Structure formats: C-alpha cells, structure tokens
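Please have the structure open while reading.

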Amino acid sequence: MLNTTQAGTSKGPKPLIIICALFFIFGFVTWANGTLIPFFKLSFGLSDIQAFLVTFASYMAYFFLALPSSWILKKVGFKNGIILGLLILGLGSLIFIPAAQTRTFGMFLTGIFVQGAALALLQTASNPYLTIIGPIESAAKRISMAGICNKFAGMIVPLVMGSLFLKNASEVEKQIQAATGAAHEQLLNDVLGRVNMPYIVLAIVFCLFAIVIKFTDLPEVEVEEDIVADDDRTVVHKTSIFQFPHLFLGALCIFVYVGAEVMAGDIIGVYARELGVSAELSGKLTSLTLFSMLIGYIVGIIAIPKYLSQQKALRICAILGLIFTLLSVAIPNYFAVFFVALLGLANSLMWPAIFPLGISHLGKFTKIGSAIMVMGIAGGALLPFLYAFLKDTLHLHFQVAYFATVLPCYLYILYFAIKGHKVGVHTK
C-alpha cells in the first residue's frame, strides 16, 4: 500500500511547490530541443534524420539511466537524488560551451545526453513523489498542476530560445550558403556562439536550485511492504516486479504517448516547414502545441477526480488524439499545422493519467516501477526517426508518414485506458 501521510498532510504544500518548480525545469530543458532542431539544421546543414539525433540523444538517456536512477534513489533518497540530478543537469548545460567553440555536433549531442540522464534521475524521483504525497485517486490532479508548470516553461522556451537562436534565420541561412572561406567560418562561429550565454545562465540556475533544495525540509515518502487490493483491503504479497503486467503495459503506453507528444511538439516545426511556413515562425510553433496542453491541464485540475476519473480522462484524450491526427492529414494546406498543435490538448492529461495507473498497487516495488515507466520516455527518441524514415527513405508524403507514425500511438493509448491498466491488478 502507498503510505501518503508523511508528506502531503504533515508538511503542507511545500513538497508540491518544490516538485512543480522541478517540472518547470524539466519543461524548459526538454522543450528547448524543439528550438535546437531547426537551429542545428541551420548551423550544421543537417538532414531531418541527422537533426532528430537531438531528440534521440535526450530521450534515449531515459532508457539507459532510468533503472540506475532507481538504484541511486534507493541509496541516497528522494531529496539527495534531486540535488544530484540538478547538478548533473548543470554539467550537461556547460558542455554546450566547448561544443559551440569547436563547432562539434557530437559534443552538443553529448551535452544533451547528459541533460537527459539528469532528467531521468529527476523524473524517476519526482513522478512517484507526486503520486504518493496524497490520495492516489487525485494523483492526476497533482501531476496536472506540475504539468502546467512544465508546459508553461515549454511555451516560454521557443519564444525565448527561438528569438536568440533563430533570429533572422532565413537571412542567415542564405548568407551561410553564399559565403565561402573565412567568411563562412565566421558566420558559423557567430551562429553557434548564440548558445553560450543562455546555457551558462541555465547551469547557474540549476546549481542554485540544488542549494535551495539542500536547505529545504523536503520529507522522504516511503511505501509499505505489501500491496493492498482496491476492493476489500486484502493484502496481496508479491515477490517480483514481473508479477505486475499492468506496469509494463503502462511503460509501453508512456513510450507511445511520449513519442506522440514529441511528434506534436518538437516535430511541429519540421512539419510546418514542409507546409511552406518560414523558418522563424516554424521554430516557435512548439509554443502553440504547449498552449493547447496547458488548457488541457487546467481542465484536468478542475475535473479530476470530481467529474472525471483518470481512466475516463485518458479515454477522452485518446479519442481526441485520433480525431486531430486524422484532421492533420486530411487538410492539405498550412491549416493542418493547427491540428498538429491541437494534439497538445489531446496529450495533456495522458501522462497525469498513465503514470499513476501504471504504478498503482506496486507497494515496495514503486521506485523500480517508476523507473520502468520512465524508461518508456525513450519513445520520444524513436518515433521521430520512424517518421523521418517513412518520409525520406520510403518517400511517403510527409502527412502520410506523420499519420502512419502517430495514429497507432493513440489506438494503443485507448486500449490501455479501457483495459490495459486493469491487466493483472488484484481484485476479487
């Protein structure tokens, strides 16, 4: 059973405020990728597949580091794990500086991977923390609150970073193509030098926040050794994480959800460019997707669990995802990009619903179960590559490739919302 009395009731709102601040940081770092993709295409002349290595490096870090993160949290606890994650996040940001100076795309990817590793640790700590500091039935509401902070940061990032990194992008792109020799080298140095100050500032902020948390009374939240059924409070003893099939179905659901979210958020700029939208504007369209998500989170805070259960909210969102995906393909002109942005509304309540459903009834396995769920974030690394493969290698029309990549995701999410979250859960 999850013990929820140690933080939320005895320590007031402080734990929730701290975690919401962390989710703001997650959003700022993660959604910066949406700006970095067109920025690196401009700076290095990359193809779509090469540019999508940005999301690949970030999200694959979750796959490799989530389980080690669970071990670290077990050794050092939630609070120290969060502090360590913030320091590593600062380190990843600082790697951008020598990467820009040497104009090395691989070093940029290394910095992004280190940031992803830090986020894996922070996500593995913060998501179960949000789930167990209060009643499990309202976990989606608390995650929605944190999600608002996450998506608000995501809305800011394309506007701030886009203005810094993609200023006069169309003109600069023409200049780079026309320049030769020393002039060409200087242009590239000037463009890549735009990352220096923003990422130095971010590194300082992350380290300062780690110091704040060090001196903040953030209580540990432990879980009891047994799992208690929903119906008659019967204690069910489990000996292995593999006795929870709903957890692995939930991790797969996170995989396809995050992939769909990245396709609607980070890839919307690439999609818009295919529709003829300018580089300056397409680099800022992630904000439109995240604004849609913000609206959805507000609805979740109001409606869950008073008017909607987590399961029903997930079903509604999956159906909206199917509808908006169809419309994004059915419309041939640039208006189609607005339905890609509206997928943010469909995606908004998915993580808040999927995560607590996936780790429910885990008891002492909650930390490792959380790590397995976080591993599913790797979907954000692989689905953009599938889209690029369908579009560039198989030469499908970009809207057809988008449809083939995203539609199956929402179909599986609908299955998990209806049936998958119940598989193997003990009831009498």
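A residue counts as buried when its relative accessible area is under 20%. The model discussed here is predicted. F26 lies in helix α1. Its relative accessibility is 0%, so F26 counts as buried.

What does F26 touch, leaving aside residues up to four places away in sequence? The partners are L119, L122, Q123, S126 and N150. One of these, Q123, is 97 residues from F26 in sequence. In space, the C-alpha atoms of F26 and Q123 are 8.3 Å apart.

## S126 on the facing helix

S126 is found in helix α5. Is S126 buried or exposed? With a relative accessible area of 0%, S126 is buried; the cut-off for that class is under 20%.

The side chain of S126 reaches the backbone oxygen of L122 at 2.8 Å. Beyond residues up to four places away in sequence, S126 touches I19, F23 and F26.

## The α1–α5 pair

Two packed helices are described by the angle between their axes and by the distance between those axes. Helix α1 spans residues 14-44, and helix α5 spans residues 105-132. They pack at an angle of about 155°. Their axes are 10 Å apart. Angles over 145 degrees count as roughly antiparallel, and α1 and α5 are therefore roughly antiparallel to each other. The crossing of α1 past α5 is left-handed.

From α1, the contact draws on P15, L16, I19, L22, F23, F26, V29, T30, N33, L36, F40 and F44. From α5 come F105, F108, I112, Q115, L119, L122, Q123, S126, N127, Y129 and L130. By class, the contact of α1 with α5 has 17 nonpolar and six polar residues, with no charged ones.

## The α3–α9 pair

Helix α3 covers residues 53-94 and helix α9 covers residues 196-214. Their axes come within 8 Å and cross at roughly 165°. That angle makes α3 roughly antiparallel to α9. α3 passes α9 in a left-handed crossing.

On the α3 side, the contact is made by K79, I82, I83, L86, L87, L89, G90, S93 and L94. On the α9 side, Y199, L202, A203, F206, C207, F209, A210, I213 and K214 take part. How do the residues of the contact of α3 with α9 divide, and how many are charged? There are 14 nonpolar, two polar and two charged.

How values were computed
Residues numbered from 1 in each chain as written. Predicted model: local features only at pLDDT ≥ 70, side-chain atom pairs only at ≥ 80, totals over all residues. Heavy atoms only, no water. Axes fitted to C-alpha atoms, helices over the stretch in contact; angles between N-to-C directions. Helix = DSSP H or I, 4+ residues; strand = E, 2+ residues; numbered from the N terminus. Parallel < 35°, antiparallel > 145°, perpendicular 65-115°, else oblique. Left-handed = near helix turned anticlockwise from the far one by under 90°. Contact = heavy atoms within 4.5 Å. Nonpolar A, V, L, I, M, F, W, Y, C, P; charged D, E, K, R; others polar. Buried < 20%, exposed > 50% of the residue type's maximum accessible area, 1.4 Å probe, protein only. Polar contact = N/O pair within 3.5 Å; in protein donor to acceptor, adjacent residues only side chain to side chain.
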